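Hi,

Here is the model I promised to pass on.

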Amino acid sequence: MSKSPIIEVHNLTVLYGRKPALWNIDFELPEKKVIGIMGPNGSGKSTLLKSIMGVVSPTSGFTKVYDQELDDVRYKVSYVPQRQDIDWDFPASVWEIVAMGRYQKRGLFKKLTSEDKDIITDSLEKVNMLGFAKRQISQLSGGQQQRVFLARAIAQQGDLFLMDEPFAGVDIATEEMIIALLKDMKDAGKTLVIVHHDLHTAQSYFDHLVLLNTRLIASGPTNEVFTDKILTDTYGGRLTTISKISQELENKEFPIRHK
Amino acid sequence: MNDFYIIFTASLVAINCALMGSFLVMRKMVMIGDAISHAVLPGIFIAYYLSGSTASLPILIGAALSGILATLMIEWFTKKARLQSDAAIGISYTLLFAIGIILISKFGANADLDQQCVLYGEIEYVSLWLQPIIGSFSLPKQSITLLIVCIILIGAVVWGYKGLFITTFDPNFALSTGVAVTFWHYFLMSGVSLTTVVSFESVGAILVIAFLSGPPAIAYLLTEDFKKMLVVACAIGIFCSAAGYYIAKWLDVSVAGAISSVIGLVFIIVFVLTSVVKSKADVISA
């Protein structure tokens, strides 16, 4: 890696109780790439993103962003949590959720300016959700919910985006839209780090891959690390039936709609 | 005037509880309000014992401190002992409440505190302690404390709306943008503590919980906007206070009991009506 890394993770260990979620992880990520974080269920992918974002505090080790402490560069980093993490029956509109992306710049005690409103409008337009601005969030489909989360991250106007399973349980139109959007963002010089579980699309989506299974299995350019041996190490014996499993995963991740 | 005094006092409790309860309901932690409203007992007694009076201020401070102690205990049991939050709540508040009961039964023989009034309040008697305001117009002493707390809470919710909103809706995202999630948690808990402490003296622990959970839950069914939910919850709380009072007067039963029942009934009626409307809407749109 010739250029300075955008994210550094050193000796990172996270324990939940006595069970390790991540064990001694160490890697660096390059700038201006689309980076996939992959591994089987429960391999610590979300925990890794949360540790980088300071949502989970590490048991040992540390992470750096832009070669600095996260607190000094938070304004450059946008985080898209897992869609299932929040209550979509919350009485709030699409607009209010995307407006949260501006709280950081404007502070919690100042009114949003017309500039903020333009940015929110623009962000909604980028994900084709402007027509839904006044809609209550409980009326959205899974794909629309994901677009709202993306719009909120875009409204933060960061340079580095960490996204937790943005493709889980979304419709094909949304998946294609997100992919096109990611490409535009990459062309605009942004760095995208994406937790993903579908091996079939990994090669076409990502420039760089981090393969996890509680420990780090591999981290490097996709064409170097997307090999049978590394995938077997990551997914274990399950690789032989990997297509079956990824099908099953997809079924499992299918959003359960409460009505 | 007696009718007005009681309804006015109950309505203030309703507004205070609705404001705090709306956030608790959306955070799925209403039972923390339950816990605090019981856990304040030892603080109240110790403050009474040390200051030797039932004057409000030391009691308020003592109660607020034990309320905060309860939230700290719950937090500690959940985070450090990795206990489920409902189990942590159950252990913390029954322990504190029991200590309070033991203290009262051992040392409180001549005290003005009794276990009945802790649970059921004494809203029927608010007009016995009146404070003249202007000329012949006076208000019950308890309602004045409640009014001050009400103004503080409205101020706090308006001032801290975005912080409370973002940490309630999506705490992980809030953390990732550098919002002090822990601060807002204790900010809310202090408000809940203050609310339950000043409310339970007049309406008792049971009605405090009914007010904390009922009107916000009803408002949640009726609104799609959190700001409206706050206002509607207050309005429903006031309505239930008035309706409950007149029912209690008519049937000659406990006011706190009647108000709690009205809240429960209104919830069931609204729930059934909104389900009917929703299923009709589904049929039309399908």
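In chain A, 42% of the 259 residues are buried. The chain has ten helices and nine strands. Among its contacts with a separation of 6 or more, 70% are between residues 24 or more positions apart.

Before I go on: this is a predicted model, with ipTM 0.84 and pTM 0.86. Chain B has a mean pLDDT of 86, and 93% of its residues reach 70 or more. Within chain B, helix 10 has the highest confidence, at 95, while helix 5 (residues 115-120) has the lowest, at a mean of 63.

Now the contact between the chains. Chain A puts in 19 residues and chain B puts in 19 residues. On the chain A side, helix 3 (residues 94-106) gives the largest share, three residues. That side of chain A is made up of eleven nonpolar, five polar and three charged residues.

The largest nonpolar core has 161 residues, and A:Val98, A:Leu162 and B:Ile259 are the ones that touch the most other members. Helix 9 (residues 181-222) of chain B supplies the largest share of this core, with 21 residues.

Even so, helix 1 of chain B has a kink of about 30°, centred on B:Met20. It is also mostly covered, with 21 of its 25 residues buried.

Which parts of the model cover the buried residues of helix 7 of chain B? They include helix 3 of chain A, and from chain B helix 1, helix 6 (141-159), helix 8 (171-176), helix 9 and helix 10 (226-251). Helix 7 (residues 161-169) of chain B is largely enclosed by the rest of the structure, because eight of its nine residues are buried. The buried ones are B:Lys162, B:Gly163, B:Leu164, B:Phe165, B:Ile166, B:Thr167, B:Thr168 and B:Phe169.

Last, some backbone angles. Most residues other than glycine have a negative phi. B:Lys28, which is not a glycine, has a positive phi near 55°. B:Lys28 follows helix 1 of chain B and sits in the loop between helix 1 and helix 2 (30-51). With 11 other C-beta atoms within 10 Å, B:Lys28 is exposed, since 12 or fewer counts as exposed.

A:Gln157 is another non-glycine with a positive phi, about 55°. You will find A:Gln157 in the loop between helix 5 (142-155) and strand 6 (160-164) of chain A. A:Gln157 has 16 other C-beta atoms within 10 Å, so it comes out as partly exposed.

Cheers

Conventions:
Residues numbered from 1 in each chain as written. Chains lettered and ligands numbered in written order. Predicted model: local features only at pLDDT ≥ 70, side-chain atom pairs only at ≥ 80, totals over all residues. Bend = angle between axes of the 7 residues up to and from the residue. Helix = DSSP H or I, 4+ residues; strand = E, 2+ residues; numbered from the N terminus. Buried ≥ 20, exposed ≤ 12 C-beta atoms within 10 Å, placed from the backbone. Contact = placed C-beta atoms within 7 Å. Nonpolar A, V, L, I, M, F, W, Y, C, P; charged D, E, K, R; others polar. Core = buried A, V, L, I, M, F, W, Y, C linked by C-beta atoms within 7 Å. pLDDT = per-residue confidence, 0-100.
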